[in-house]
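Biologist: I should like to learn how to read this structure. Please begin with the general idea of each feature and then turn to the case shown here.

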Amino acid sequence: MTLPAALTNTLDLIGNTPLVLLKGPSEAAGCEIWGKCEFANPGASVKDRAALGIVRDAEARGELKPGGCVVEGTAGNTGIGIALVANALGYRTIIVMPDNQSREKMATLRALGAELVLVPPTKYSDCNHFVHTSRRLAEETEGAIWANQFDNTANRKAHLETTAPELWDQMGGRIDGFTCAAGTGGTIAGVGMGLKERDENVTIALTDPHGAALYNFYANGELKAEGSSVAEGIGQGRITANLEGAPIDTQFRISDEEGLEWVARLLREEGLCLGLSSGINVAGAVALGRHLGKGSRVATILCDTGFRYLSTLYNREWLEAKGLPAFDWLERD
Ligand code: PMP
């Protein structure tokens, strides 16, 4: 076994995450299902990669100068990634977040020293939506840049240049399918493009939660959402700049119940504590594995740590209030 190399820069801790074979999902699908452990990043999510890519790109373009400020609207994980990267590089961070995201994310952002602005959850078309609020704040703040993760393609470039080649190498160049859900779309587009560059026969599948519009878009060209989901960080209603031209071959729609079942099984049977977008991704990977057939090799993203959701996914009262089945081992408060 080779140990990871000794590093001289903390930012180099971002990426180069492990890939692990998921036993239960592999058995369920009759093929190999592999999970890329993005919870192993310093900020405990896949978004550290986009955060670093966006900040480095703004520096290279001369927009972000020493002592500057990074402003972003985020469901939380991108903010955590940006706050860590900004701390390491001497920038200030302002994060705008809808107030229905988990308490742990808010507490984490405050603990990291980010200035947190909470706004009510609204539709994207509302001018007070967290994305628009963050753009306005960036315009009003001296020396600030707007990270703009949804439409800044430095986001997907980070996945094209890091996540995709890592996956390719870790799977020894033998990969039949890749799937994940989209928030900004940076992961699915960047990894999809990077894998197709290496082998155009790799099937790229979008896994969409309920309440998102992309399943219908890729199935029949109509941006139409049905149902709803409590999953944080995923579920998109428009084609972001990051999603434009994403090489999506097929699509699956996964319910919160299916995602939660995999969150529970991966925790109890394999010792992995994950968030709901990871469970939804794994359910999508099982669907893709069944679609591709026996013996195929499929990879997906384990997006973030479950420790970020102790007050929600791992809380019986919260789940029951949302009408979702609580894990049977969870006690009442
Ligand atoms: N899962 C979680 C928990 C996230 O925070 C995000 C990012 N919003 C995603 C998945 C989706 O990643 P992307 O933005 O690259 O589509």
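Modeller: We begin with pLDDT, which is the predictor's confidence in each residue, from 0 to 100. This is a predicted model, in which local features need pLDDT of at least 70 and side-chain atom pairs count only at pLDDT 80 or more, while totals for chains, interfaces and linings use all residues. Residues are numbered from 1 along each chain as its sequence is written.

Biologist: What is the mean pLDDT of the protein chain?

Modeller: Where pLDDT is low, the predicted coordinates should not be read in detail. Here the protein chain has a mean of 96, and 100% of its residues reach 70 or more. Helices (H or I, at least four residues) and strands (E, at least two) are DSSP runs, numbered from the N terminus. Confidence in the chain is lowest in helix α4 (residues 103–111), with a mean of 93, and highest in strand β10 (residues 297–302), at 99. For the complex, the predictor gives an ipTM of 0.99 and a pTM of 0.97.

Biologist: How do α6 and α7 pack?

Modeller: Two packed helices are described by the angle between their axes and the distance between the axes. Axes are lines fitted to C-alpha atoms, for helices over the stretch in contact, and angles run from 0 to 180 degrees between N-to-C directions. Angles under 35 degrees count as roughly parallel, over 145 as roughly antiparallel, 65 to 115 as roughly perpendicular and the rest as oblique. Helix α6 (residues 154–170) meets helix α7 (residues 186–198) at an angle of about 50°, with axes 7 Å apart. The two are therefore oblique to each other.

Biologist: Which angle do α2 and α6 make?

Modeller: Helix α2 (residues 47–60) packs with α6 at about 115°, their axes being 8 Å apart. That makes α2 roughly perpendicular to α6.

Biologist: Where does the ligand lie?

Modeller: Domain bounds come from an automatic or database domain assignment. Both domain 1 (10–44 + 162–322) and domain 2 (46–146) give residues to the shell around the ligand, so the ligand lies between them.
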